[in-house]
Amino acid sequence: MTLRLNEDQTLEARTRPVSAAGPVVAAHFLGATAAFVLGEEAVLLVSAHEERRVATRAGGILAVAADGQGVVTGGDDGNVVMTRADATSVVVARDSARRWIDRVAIGPKGAVAWAAGKSAFVMTADGTRRALEVPSSIGGLAFAPKGFRLAVAHYNGVSLWYPQATSAPQTLAWKGSHLKVTWSKDARFLITAMQEPALHGWRLADRTDLRMSGYKTKVRSLDWTANGDWLATGGADQLVLWPFQGKDGPMARSPRLLASAPAAALEVACHPKEELIAVGYAHGLVLLVRIKDGAELIARRPDDQAVSALGWNAEGTLLAFGTEAGAAGIIDLR
Amino acid sequence: MTDRIPVTVLTGYLGAGKTTLLNRILSEPHGRKFAVIVNEFGQIGIDNDLIVGADEEIFEMNNGCLCCTVRGDLIRIIEGLLRRAGRFDAIIVETTGLADPAPVAQTFFVDEIVGRKTKLDAVVTVADAQWLERQLHEAPEAKNQIAFADVILLNKTDLVSAASLRGLEERLRALNPYATLHKTQRCHVALDAVLGRNAFDLDRILDLEPAFLGPADAHHDHDEDHDHDDHHRPDPTRGPGGLVHHHDEDMRSIALATERPLDPDKFFPWVQDLVAKDGPNILRSKGILAFKDDPERFVFQGVHMILDGDHQRAWRDGEKRESRIVFIGRELPEERIRDGFAACQT
């Protein structure tokens, strides 16, 4: 499909409001069903015909990952829970010491990863579980796009772990606290968001460091465009796009900056097919931004509710959003 | 934002009574709900719904400052607790007996999300009257905790004589004359003496008068519930540069005052350079400043090299426009600080 961006038009008339009644920490689609993950207890499943509140646990939800089939959540109850569009919610793993599960990831063939403190765990679909201890608390987990490999971000670097191999993980070292971690789509680069307002990256072939700084705040949202050419991030009063088209990635290149606003861009979600990015800001604005010409379309007007969740369906026809204050909705772009 | 969640940090050397104070806070019929972050989770009986074990993971920020260390685990825990923000009114962080309070405090100034949603209320240090003298002698951690404190509970006063209690108070005052001091047994203290202190709130920096032990103090050391907010102020003996200091071996406080207006174009570069160079040794700093041709009071406070400052309010009619600054730290370069401050005066 082709989106026609018309600057005179907003998408409010195409928005179906959803009452989350609590902070929304993530929004994903499971097929045609939108899954709004709340800060506590529940996932709100919204399909064309109904809204269902599915309990995942009695406590806070600290981490979320989704793959179009299911939503995995980790919580302060020490449980890893898989919730599916049919409103089933199953505890797939429990931490034996009831530690907080504050990082999760979904891998290939039904594999799930989670972290509690300094321990990372991977469980494959057959229930086999493997664990890795790293020297400090885990800031981020990400499966590689190909193969069965997990990036585990922590203090002073990232460990690259083949859970099915006996060899020790390789370590990419860089001083500081590494939080979110993400692989480029071609698996040539690994990027982390740090405690400082900066990203750090490595070109994996030769371990060349990439330093991506200039942010206003800690970057809490990163996403790759569908073709992998751009890494979109929040963390500034605009959308920041790092170019990854060439073999050197963003080395010695400046990011493209689009969609300036009077508030920090907090959440970004790349359209699954086109070079189009949904950007959510601290004052409630959601913009759709086209990379080619920088065209902007207002998807949600500012109202001082910080945007905390954005997610596209697989076709790129529906965009779900949520705010810290509990507003949520689904925008239909068809 | 006005509804930031207050955070109280409880420190104190091993065995001083931190857990006793924590349990006292939690069990009082105050109707408030606390989220509690403890170390050594599971080893002590604490009855509270929201209780989290912490790892005390400290790391250095990549900002060129060796002393800018923060508690990474605290950032993660507070972010997690904020998912359930409606369930509690305040957060209490209990540190280990050997902890340096600075990384805890700095976390609230360095992390943007934590700083936006929560505010550091006060660092409360519990000191063991029976063993304090020895701890101060043997453990730099104990001294740090006292020097850093906004509120000190001199606990277990029933285990020492009146004479040694007075000696201990003098010792505490020498280390930190700016903290509020309470003498307690079994940490019995009114809750508002330790909670809701707003010690890091720029709007609450009212005066920077050090507390001295007045002669009267010797006669009422039995009053564990008594509020010792009323600082005793015998006329401080001032040196030629308006300098007052109290020193305890390496750890000391330095106070400077002047009625000559300050030149902001000289003061800010000076104080920033000072904390950049001597930040590792400066535990706390505070100031009330009168700038030339500025109708408003400027206030600042700092932890090591992190400074936070703003205009506070207009100087009142008849109010003495005096600038006062205070540094607490170890091996402070007194002459250099005095000369630097003098050079900022117009």
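Buried means under 20% relative accessible area, exposed over 50%, and partly exposed in between (1.4 Å probe, protein chains only). This is a predicted model, in which local features need pLDDT of at least 70 and side-chain atom pairs count only at pLDDT 80 or more, while totals for chains, interfaces and linings use all residues. Residues are numbered from 1 along each chain as its sequence is written, chains are lettered from A and ligands numbered from 1 in the order in which they are written, and side-chain values use heavy atoms, with hydrogens and water left out.

**Figure 1. Helix α6 of chain B.** Helices (H or I, at least four residues) and strands (E, at least two) are DSSP runs, numbered from the N terminus. Seven of the nine residues of helix α6 (residues 140–148) of chain B are buried, so this helix is largely enclosed by the rest of the structure. The buried residues are B:Ala142, B:Lys143, B:Asn144, B:Gln145, B:Ile146, B:Ala147 and B:Phe148. Chain B as a whole comprises nine helices and 15 strands, and 58% of its 346 residues count as buried.

**Figure 2. Nonpolar cores.** A nonpolar core is a set of buried Ala, Val, Leu, Ile, Met, Phe, Trp, Tyr and Cys residues joined through side-chain atoms within 4.5 Å. In soluble globular proteins, nonpolar side chains tend to be buried together. The largest core here has 91 residues, and those with the most contacts inside it are B:Leu21, B:Ile37, B:Leu81, B:Ile91, B:Leu153 and B:Leu154. With neighbours within four places in sequence left aside, B:Leu81 is in contact (heavy atoms within 4.5 Å) with A:Trp100, B:Ala35, B:Ile37, B:Leu50, B:Val52, B:Phe88 and B:Ile91. Another core, of 19 residues, lies apart from the largest one and includes B:Ile282, B:Ile325, B:Ile337 and B:Phe341.

**Figure 3. The interface between chain B and chain A.** The contact takes 24 residues from chain B and 30 residues from chain A. About 2200 Å² is buried between the two chains, 44% of it on carbon and sulfur atoms; buried area is the accessible area (1.4 Å probe) that two parts lose on being put together, summed over both. B:Asn62, B:Arg76 and B:Arg83 supply 34% of the area that chain B buries against chain A, more than any other three residues.

**Figure 4. Polar links and elements at the interface.** Between chain B and chain A, 15 residue pairs are in polar contact (both at pLDDT 80 or more). A polar contact is a pair of N or O atoms within 3.5 Å; within protein, one must be able to donate a hydrogen and the other to accept it, and residues adjacent in sequence count only if both atoms are side-chain atoms. On the side of chain B that touches chain A, the elements giving two or more residues are β4 (58–60), α2 (72–82) and α4 (112–117) of chain B. Of these, α2(B) gives the most, with eight residues. The residues on this side of chain B divide into eight nonpolar, three polar and 13 charged, where Ala, Val, Leu, Ile, Met, Phe, Trp, Tyr, Cys and Pro count as nonpolar, Asp, Glu, Lys and Arg as charged, and the others, Gly among them, as polar.

**Figure 5. Salt bridges between the chains.** A salt bridge is a side-chain nitrogen of Lys or Arg within 4 Å of a carboxyl oxygen of Asp or Glu. Nine salt bridges are counted between chain B and chain A. In one of them, B:Lys117 pairs with A:Glu324, the closest N and O atoms being 2.7 Å apart. B:Asp111 forms a salt bridge with A:Lys218, with the closest N and O atoms 2.5 Å apart. That pair runs from the loop between α3 (101–110) and α4 of chain B to the loop between β18 and β19 of chain A. Both B:Asp111 and A:Lys218 are buried. Salt bridges that share partners also join A:Glu40, A:Glu41, A:Asp76, B:Arg84 and B:Arg87 into one network.

**Figure 6. A salt bridge within chain A.** A:Asp237 forms a salt bridge with A:Lys216, the closest N and O atoms being 2.9 Å apart. A:Asp237 lies in the loop between β20 (230–233) and β21, and A:Lys216 in the loop between β18 (208–213) and β19 (222–224) of chain A, so the pair ties together parts that are 21 residues apart in sequence. A:Asp237 is partly exposed, at 25% relative accessible area, whereas A:Lys216 is exposed, at 52%.

**Figure 7. Positive phi in two loops of chain A.** Most residues other than glycine have a negative phi. A:Ala252, although not a glycine, has a positive phi of about 60°. A:Ala252 lies in the loop between β21 (239–243) and β22 (256–258) of chain A and is exposed, with a relative accessible area of 89%. A:Asp304 likewise has a positive phi, near 70°. A:Asp304 is placed in the loop between β26 (296–300) and β27 (307–312) of chain A and counts as exposed at 68% relative accessibility.
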